Amino acid sequence: MFNTSVTMDRPQRWDSPFDHNMTDAQVELLLQRPEFNLIDKSRFPSSISLEGILKNDCRINRYKPGDIIVRDGDYGNSAFLLLKGKVTVVTRPGLPLEILGRTRKKKKSFWQQISQIWKNSPYPEARNISRYFDKTQIMNGLNTNSSILNTKYSNLIFNELPKNIDSIESVPKLKEVYETVTLGSGAIFGEIAALSRVSRTATIFAQTESQVLEIRWQGLREIRKYDDRWKKIIDDNFRNNLLKDTLLENKLFKGFDEKIIEKISKYSLFETYGTFEWHHSFNKSNDNETSEKDRIVQEGHYTDGVILIAGGFGRVSKKIGNGERTLTYLRVGDYFGLDELYTTWKTGHEIPLETSLTTLGYLHTIRVPAHILEQYIFPDLKIKSSRLSDIAERSLAEDTLLEWAVGHRYINGTQTMLINLDKCVRCDDCVRACSDAHNGNPRFIREGYVHGAQMVANSCMHCIDPVCMIGCPTGAIHRNHDDGAVVINDDTCIGCSTCANSCPYKNIKMVQIRDDNGRVLLSSNNNQPIMKATKCDLCQDQMGGPACVRACPHDALERVDFHNYVHWES
Amino acid sequence: MGAKKTNIVVKKLRDIFLNINMLFLASTLVLYFLILYYAYRVDLLLGRSEIITGYSLLFVILFLIFFNVRKRLTVLPVIKVSHWTKLHIVQGCFCIILYFSHVKTLMPLGANEIALAILFYLSVITGLLGYFFNKTIPRRLTESNIEIIYEKIPSVISDVRDQVEKIIIKCATENNTDTLTRHYVETLNWFFVKPRFLLNHFFGGQQGRHWVDNQTQSIQHFLNDSEKQYLIEIQKLAQYKNKIDFHYSLQSCSKAWLFLHIPISVMMLILVFWHLLIVNIYAI
């Protein structure tokens, strides 16, 4: 008789701590600080103790003067508590892109564009590597904390740079044009971006030698949940900085007085569901099904408020047969539960929800209580409420594209490469054009999942939720402010593969770098090849936009925002 | 509701008439009308309209040939290639009218002119053939329900063959019989070596599928239950390979027609210049 099973410990939440080197002594020291000392530990469940959170969801980072802690425009899952030292927040204007490890590619001239035909390198991934050598510190991966002091562009932001930057105790004052705020020990920052998955709005660097406690979002969510003081700090910051603007931008409240919006924001609750690291489980399982734990509200239940979507994606579904039918999906600016609440208010009969809402990965919501809506909004509601359940009248076949797009998370794409296979003659002119525009290296593969006659090719989709940008140690991968494209600065990429491993669609490729003569570039430390992340950059430096689109002889290839595409097709 | 329907109709009419295709078509029509009308007026005045139609034809042919150059200059930031394609098709079709208004006969006299006419006809025929391929082959490929890059086909066939051979070896080892192995060596191997039934695939036949079904059924009654399971796996792989053959056949055609169309067109252009030279020296 064979033994057909093997045993293991059931996976636990803290099997993968944020930092394996966090010690009990450090946790003990943290607990003595006023930020944690005043927390009532008894309110935490035994399985999620405060000590556990500090040990497993936190890590202590040390920064030298000038080290960048948070970059404007970055996405991140962590908040920070300053333990020791001083940090400076650059409020406005933002620091130059070059300081943040980014770049703005210049458009090539007409002649430069033509000359690519014969100037392109015959070797794959060949570069002019001389520009790497003044950043050997970054290239060798010795120091992943970028500093505002040791870049060749530092003189752009300082009136005068100290001669020996290694021995300075405090960063000199920035040029007058920059408005800054200095934070001291005990300051919390980055919590809004961590909990609501919006990009960081300012750059923060260490003013002096600093120690910062980095708390990953799971831990932060628990502390906020079980401690009123932390909750108040976070909620107040959110209300003051983001909530009012979010409400004002929502189509539901268009035309309402700002004072009413302020009142609504006072009573609104913000909640986060699902997991920010949805891409990890999606990568492993490619699981398209929704589990019960992802469900926020269920069809047939009653709701106590309208749910506004402030981040992430939610699936609106209705039970049909043995499964759930996706009726639509919601993203930033959409809302859920209005029809039922409005009808209840209008008729006086309580109406249960006609559809369910589940998270697709994570969902950041603002819940506006029913009594507030009844008091301020419903009497003057101008928009015609559209009943989500009415979409169920459509035939099942009509919605297969939507189901497919939601299942594969293509809804995340803003510039998805969609190829109409009924038109595509498979000539690969698109790939050739891409290659010609990128020094002989194509940045996509004409392969991918197919639905009907539509193929989503393996090309960067420039996602709404760019999970690839989380964790980049140098800020090399970033969102372009001009057109929203997600691009990689080749000069500052250290080849750590964080972005490539995070991309749920496998659209970032790590490549070996060669010099102009085709010689592979090796690390002086271990003789391993120097790698760089590469992906579609929407031909940032080319006139006329993406070369693939321009080169297609049959209009078979287009770059689409999947939200518009799915709804147009439906 | 009525207004909404009217809006949709207006939008559809606008989509039909106010698009780039219509613009190209209308501008070509106007241009050709002007050329032919001018040639007609010249004829009426007992002039030589061949000079007008001939030079117009030369410019149209140069424009048509330049399309191939434009396609190679993929990064050229001038008009999308798809617009060039549309113009190429429209101009290619209309230049037949210009050709006949210039030649005024089906087959001109003289060896040089006959060669030129034949090359022109071949160029037009291969062009129309290519247009037909471009319009029909993509849809047929999509309907096969697999998608494969042409250059990868040899390696994919090799992978499929490896998988089949592994199954055969596993079957022989497990069952201690060589029935399936023998059948593979004698018959099935031929199918898995390279793309087969290409012409039949091109014309939409099912010979490949039929052959696979025949060859798998013919051996069934020599196999035990365990071997039959292996045969089912091989059959699945064979049907997959049959679809790859289908892709190979059609994708080859969609590339191969250009190897006729372009050289013929270039030869025609050379003869056109020769014709131009001769005419300018001896006729004008």
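Guide: The residue L46(B), which follows helix α2(B), has a positive phi, near 60°. The model is predicted, so local features need pLDDT of at least 70 and side-chain atom pairs pLDDT 80 or more, while totals for chains, interfaces and linings use all residues. Residues are numbered from 1 along each chain as written, chains are lettered from A and ligands numbered from 1 in the order written, and side-chain values use heavy atoms, without hydrogens or water.

Helix α2 of chain B covers residues 20–44 (helices are DSSP runs of H or I, at least four residues, and strands runs of E, at least two, numbered from the N terminus). Its 25 residues should span 36 Å, the expected span being 1.5 Å times one less than the number of residues. The end C-alpha atoms of α2(B) are 36 Å apart, which agrees with that expectation.

Six names make up the buried set of α2(B): F24(B), T28(B), Y32(B), I35(B), A39(B) and V42(B) (buried means under 20% relative accessible area, exposed over 50%, partly exposed in between, with a 1.4 Å probe and protein chains only). These buried residues pack against two helices of chain B, α3 (49–72) and α4 (81–103), where contact means heavy atoms within 4.5 Å.

The helix belongs to a chain with 10 helices and 0 strands. Along the sequence, the pattern of chain B is α-α-α-α-α-α-α-α-α-α. Of the 284 residues in chain B, 40% are buried. Where contacts in chain B join residues at least 6 apart in sequence, 75% of them link residues at least 24 apart.

Along the principal axes, the C-alpha atoms of chain B fill a box of roughly 95 × 65 × 35 Å.

For chain A, the corresponding values are as follows. Chain A contains 17 helices and 22 strands, and buried residues form 54% of its 570 residues. A compact globule with 570 residues would have a radius of gyration near 25 Å, and the 26 Å of chain A agrees with this. The C-alpha atoms of chain A occupy a box of roughly 75 × 75 × 70 Å along the principal axes.

Methods: Rg over C-alpha atoms; globule rule 2.2 N^0.38 Å.
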